[in-house]
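Colleague: I've got a model open here and would like to talk through its pockets and one of its helices. Could you walk me through them?

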Amino acid sequence: MIKHFFTGSDNIIDLIREDHKILPVLSRFSVPLGFGDKTISRLCRDASISEDLFLVVVNLTINGRFDKEAAARLSPTEVARFLHKSHDYFLNYKFPHIRTNLLAALDESHEDINPIIVRFYDDFIRHVERHFDYEETVVFPYVESIEEGESSNYNISIFRHQHDEVGDTLRELKNIILRYYATSRPDVMYDVLVDIYDMEDDLDSHSLIENNILVPLVASLEKNCRTRNSHPS
């Protein structure tokens with residue numbers, strides 16, 4: 001089913017009702033609760049958020065579509081800053097939260113398999129940390145520098161080719177739990193699985209923003225830069 005394409009005149013509560021999984025995205029925009037009857041435009045204005053960025057991210061996350069003209073107006077640096085906030089959310093809140101709940105869900109009768117499950121999860125975290133660190137130390141500084149007109153040997157195609165779906169590394173962990181982890185406390189482990197699946201979807205959305213918004217914006221800047229350099233004034 002095709003979901004609603006949101007505009008600034010839509011109510012923020014209707015946005016959440018359309019897909020409550022947008023809530024983590026709202027938190028990364030630092031949107032304060034207590035929405036009242038605010039429209040998206042009013043919310044963005046009151047919270048000093050770029051309405052174009054908010055709508056592009058929200059529509060891409062919810063239904064995989066976005067206003068390409070609005071996306072072309074975005075500053076790559078503001079997109080990178082939003083992605084940086086996402087990294088902070090995952091690393092300092094979501095991943096530790098799930099790990100705590102996972103440890104609490106482990107059954108003492110599975111002393112053989114429990115360390116394997118924890119190791120898989122920790123390996124996943126280390127993989128994502130490496131991925132995020134590359135973006136923080138290489139990609140995002142490059143985005144800022146090229147928007148300021150500075151030249152570099154780096155280009156965004158390097159990131160595009162190296163970019164993988166970090167959520168794929170969860171597949172084996174989920175498979176172990178679903179196939180082999182009989183437990184006396186299934187409700188607790190079911191809650192953990194819901195968190196893992198939601199986190200995986202959230203990471204996929206994060207990758208969509210990088211691939212469909214940030215990368216094309218930077219590639220366009222690179223093209224303009226090459227054009228200026230080939231036709232010096």
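Predicted model: local features only at pLDDT ≥ 70, side-chain atom pairs only at ≥ 80, totals over all residues.

Colleague: Which helix gives the most to the lining of the largest pocket?

Modeller: That pocket holds about 320 Å³ of space and is lined by 19 residues. Helices H2 (23-28), H4 (51-63), H6 (76-105) and H10 (186-230) each supply at least two residues of the lining. The top contributor, with 8 residues, is H10.

Colleague: And which residues lie nearest the centre of the largest pocket?

Modeller: By class, the lining has 8 nonpolar, 3 polar and 8 charged residues. Nearest the centre are Lys-21, Pro-24, Asp-198, Asp-201 and Asp-202.

Colleague: What about the second largest pocket: which helix has the largest share of its lining?

Modeller: This one has a volume of about 200 Å³. Its lining includes Arg-28, Phe-29, Glu-78, Arg-81, Phe-82 and Lys-85, and by class it counts 5 nonpolar, 2 polar and 4 charged residues. The largest share, 4 residues, comes from H6.

Colleague: Now helix H9: which of its residues are buried, and why do they sit on the same side?

Modeller: H9 runs over residues 171-180, and its buried residues are Leu-173, Lys-174, Ile-176 and Ile-177. They share a side because they cover an arc around the axis of only 160°.

Technical notes:
Residues numbered from 1 in each chain as written. Heavy atoms only, no water. Buried < 20%, exposed > 50% of the residue type's maximum accessible area, 1.4 Å probe, protein only. Arc of directions from axis to C-beta. 1 Å grid on protein atoms, 1.4 Å probe; cavity = no way out; pocket = protein on both sides within 12 Å on 5 of 7 lines; lining within 4 Å. Points joined across faces, edges and corners; volume = space filled by probe spheres on them. Nonpolar A, V, L, I, M, F, W, Y, C, P; charged D, E, K, R; others polar.
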